Amino acid sequence: MYKFRLHGLVADMWPLIRIMQMTGFFLLDYHEDMSFGWTSIRAGYAGSISGLMVIQFALIFINLMKQSDDVNDLTANTITVLFFVHSLVKFFYFALRRGKFYRTLATWNNANSHPLFSENHSRHHATAVGSMRRLVMYVGIGIIISGFAWTIITFVGDSVHEIPDPENANETIFEEVPRLMLRSWYPWNALSGGGYVVSFVIQILWLFLALSHAMMMDTMFCCWLIYTCQQLVHLKEIMKPLMELSASLDTLVPHSAELFRAVSATTNNPITSGDGDGIRAIYSNQHDFSNFRLNTGALANINSGSVGPNGLTKKQEVLVRSAIKYWVERHKHVVRFVSNIGDTYGSALLLHMLISTVTLTLLAYQATKIEAANVYACTVIGYLVYTLAQVFLFCFFGNRLIEESSSVMEAAYSCQWYDGSEEAKTFIQIVCQQCQKAMSISGAKFFTVSLDLFASVLGAVVTYFMVLVQLN
Amino acid sequence: MAGTSTALGRDAECETTPQRTYMRADDKNWDLMGLNLTLLSLAGVLPTPNIASSSWKLRFYHAYPSLMLVLYLMVFTAQCLALYKFWGDLDAITDNAFTMVGVFMCYIQAAYAVTNSRKILRLVDTLQMKLTPQMLTLASGEDQSIMVAKTARKTRALTWTMFVIVHGMLISWIAMPIIQKYSHEPDEEHRNADKPSPYFCFIIWLPFDATRSPTYEIVYTIQTICFLMACLYYTSMNTVFMTFIIHTATQFRGLAMSLRDMDKLFPAQDMGLEDRRLPSGVELNAHFIECIKHHQAIIRFAKELNEVLSPLLLFYFFCSQLIMCVVTFQVVLSWGQGKSVLKFVLGLAAAACGPLVFCWFGTDIMQESLAVQQAAYGCNWYHHPPSFKFLLSVVIMRAQKPVHLSAGMFYEVSLTTFTQMLNTVYTYFAVLKQLYDE
C-alpha cells in the first residue's frame, strides 16, 4: 500500500490515463483506493473487456475461414482481420509490459530544478501539457468520427455478397448477409430480430473499443515525444543566458581586451525575479547583487574590484556552476527518458509496421478493382487513409524528436560561447560533441521512426499499386 | 582596425597589404540586389523606398497588384468554366490544366511576396549592410571583394537571362493566336462549338460570344495582361531568391578564404617570432573569434532565408511536379500521332528548369558550408596555443553539419531531391500511361 500522489508525467497525462483505464487497458495503478477489493474489480473489468475483444475477433476470424472460397471476400475479410489485429496486439502488449510502461511514466517524478531557469521551465512544461491534451482531444475526435462513419456506411448500399449459384456453377447470385459493421459469424441468427439487435450492440461497442485500443497507445507514445521535445526546447533556450552567466567566470584577463570588447547581442535584462527565495538565499547582501549582471559581455566585468581575481564572490561561482550542472543533468535525464521510451514501445512499433505493410499491400490490390465512386471505393479509401494516418502519427513525432535533438548543437554554437570562461567553453565543447548525433526512436533496431519511414511506406504502396495494375 | 594592423608589425616581404587599415566608404554599401529589387517593384510586389515614403503614392502603388488580381480572377473563372465545359476532351483538359496551374502558381508567389515584403527587405538589408562588410573586414586582400563583385555580376546576368527567355517565350505564345486569327478570317464559321476556340492565348470559355471584335480584342488584352504579369511575377520572385541563395554560398566561400588566409596573417609561432608570442596568440584568437561571429551570422541569415523561402519552395516544387506530369501526359496522348514532340519536350524542360536551378544552388550552399570545415582544419593549428585549438574544435564540430535549405518538411533542397522529383514524375507518367491504355 502506498500513498497515491498525482505528480510527474502521470499528472500531465491524466486525461489520457483515465481514458485508457475506462476502455479496459490493464492500467491498474494510479488510483486513489488501491485496496484489494477495488483492484480485483478493476482487474475483472479489464479482463472481461479483453475477453469480449478476443471472442469477437475470433468470431470474425471464423467468418473469414468460412468465406475463404471467394477471392474478393477473402481479401476483404483479411484486411478487416489485419486492421483489428492492431488493437489486440497493442492491448496485450500493454498487459504484458506493464512494468516498463509504469517505469517510463515515472521517469519525471524527480526532476531537478534551478531558480534561474524555473520560469522558463514552467512555461515550456505548460506548453507541453497543452499540446498533449490537444493531441488526445484530436485523436479522440478522430476515433469517434471514424466509428460513426463506419456505422453510417453500413447502412448505405446493399448488404449482400456474391456466392456461386448452388444450381448453376458458372453463375453467381447475391446472398444476403446481416447489415452489420463487420462480417462476423454468430452462433445465433443475426439476420433479423433479437439476434440482430444483440449483434449490432456488441459490434458497435467492440468497434469503438478496438479503435480506441489501437490509437490510445500510439497517442501515449506521441505524448511522451511531445514532452521530450519541449524539454529540449527549454534546454536550448537556457543555453544563451547560461553562457552569459558563465562569461562572468572568465579567469583569463587579456591585455588587449579593450580592442575586442564583446557586446552582448541581447538587451539589458534585469535579473529574473522568478524564484526570489532561491537567488536571495545565495546572495546575502546587496553588494553581491550589484556586481553580478546577466547581460554584459565577457570582458567588461573584469576590473570591478571586488573579491577574487575574476570579480565574483564564491557564491556567484557556485551559482554559475550549479547552472551548468542543472543543464547537464537535465539533458542526461532527457536521454534516459528517450531510451526508456524506445525500450518500452520499440517492439510495438515494429509489430505495427509489419502488420501495416501486409495490410497496405492488400489494400493496394483492392484499390485496383475500384471502378466507380461507390460504397466499395469509399471503404477502400477509408481503410487506406486510416492506416496511413496511424503510421503518419508516430512518424511525425519521431521526426520532431530527431530535429529538436540535432538542433541542440546548433543552439549551443549560436550563443556567444567564445566569450565564456574556460569552464563554459569546455561545457560547450562536450555538449557539441554529445549532441552531434540526434536522438531517435527505433523500432526494435530495425528502422528509425521518422518521416523518411512514412515516405518509404507511401512509396511502397504506390509501387505495389502500379505493379498490380499492370498485372490486371 | 588600423591599430591592430600596425601592432602586428608586418614584415616588408609579407604579401598581405594592410587592407584592413582603410575601409572605403562604399564598402558599406554594396549594391547586390539592385536589379532584383527593381524587377520586384516593376511587378508591383515591393515598393521602392521612394514610393514607400509618401502614403498616397503607396496607395496608388498597392492599387496596381489589386487591379491585376481582379483581372486574374476573371480569367481564372473563365478557365474553370472551360475546364467544366470541355470535360471529356483530354487534349483540352491537359492544355487548360497546364496554363491554369502555371498562372495560378505565379500569382500565389506574388501574393506570398506581398505579404512577406518586410521579411524580404530585412534579408536584403542583412546581406548588403551586415554580412558583406563583415566578410570584407576579415579579408586580408582584394580576393574577397573581387569574388563578391563577380558573384554580383553573375546574379545580374542570370536575372537578365531568365527575364529575356521567359518573356521571349511569352511573346511567342501571345503573338501566335492573334496572327492566326487575323490571317484565317473566313474559317470562323466552320469552327466546332465543342472544341475550344484556338484564337485565344490559352483555353477559356465565356458564356457570351467573344469571337467578334471588339469583345475579342478586349478579352485578348485581358488575357495578355494576366499572362504578362504572371511571367513578371515568376521572373522577379525566382531571381530574387536565387540571388539570395547564390550570395549565401559566396559568403561561406568568403569565410573559407578568410580562414585559409589566417595562416598568412598570423605566421606560426615557432618560426622565430619569439618576442611576439603572447600578443600574437591573443590577436589570433580575437581574429578567429571574429571569423566565428561571421560564421554564426551567415548561419543565422540562412535560417531566416529558409523561413521565408520554405513554404514558397514547397508550393513551387509541388506545382512544378504537377505541370511536369501534365506535360508528360500530353506526350502520352499524342504518342505516335506526329504532333510535335519537340514542343512538349521544351515544355517539360521549361517546367523542370525552375526547380533544377534552386536545387543546384541549394547544393552549392551545402558544399560551401562543408568547405568551411576543410578550411578551418587546413590552418597550422598544431603550432597555435591550446586556446585556439579549443575554439577550432568547436567550429569544426559545427561545420561538419551542412547548412541546407528545406522546402516544407518533405524536401531538402539539393540535387538528390531533384532526382527524386523526376522519379516521382516518371512514376505518375507510367501510371497514367497504363490507365490510359486500358
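Across the interface of chain B and chain A, one salt bridge is found. A salt bridge here is a side-chain nitrogen of Lys or Arg within 4 Å of a carboxyl oxygen of Asp or Glu. The side chains of A:Glu410 and B:Lys401 form this kind of pairing, with N to O at 3.2 Å. The model is predicted: local features need pLDDT of at least 70, side-chain atom pairs count only at pLDDT 80 or more, and totals for chains, interfaces and linings use all residues. Residues are numbered from 1 along each chain as its sequence is written, chains are lettered from A and ligands numbered from 1 in the order in which they are written, and side-chain values use heavy atoms, without hydrogens and water.

Polar contacts also cross the interface. Eight residue pairs, both at pLDDT 80 or more, are in polar contact between chain B and chain A. A polar contact is a pair of N or O atoms within 3.5 Å; within protein, one must be able to donate a hydrogen and the other to accept it, and residues adjacent in sequence count only if both atoms are side-chain atoms.

Helix 9 (277-333), helix 11 (386-399) and helix 12 (415-437) of chain B each supply at least two residues of the side that touches chain A. Helix 9 gives the most, with ten residues. Helices (H or I, at least four residues) and strands (E, at least two) are DSSP runs, numbered from the N terminus. By class, this side of chain B has 13 nonpolar, seven polar and five charged residues. Ala, Val, Leu, Ile, Met, Phe, Trp, Tyr, Cys and Pro count as nonpolar, Asp, Glu, Lys and Arg as charged, and the others, Gly among them, as polar.

In total, 25 residues of chain B are in contact (heavy atoms within 4.5 Å) with 24 residues of chain A. The area buried between the two chains is about 2600 Å², and carbon and sulfur atoms give 70% of it. Buried area is the accessible area (1.4 Å probe) that two parts lose on being put together, summed over both. In chain B, B:Phe390, B:Met397 and B:Lys401 lose the most area to chain A, together 23% of what that side buries.

Chain B itself has twelve helices and two strands. Its pattern along the sequence is α-α-α-α-α-α-α-α-α-α-α-β-β-α. Of the 438 residues in chain B, 51% are buried, that is, under 20% relative accessible area (1.4 Å probe, protein chains only).

Definitions and conventions: Buried means under 20% relative accessible area, exposed over 50%, partly exposed in between (1.4 Å probe, protein chains only).
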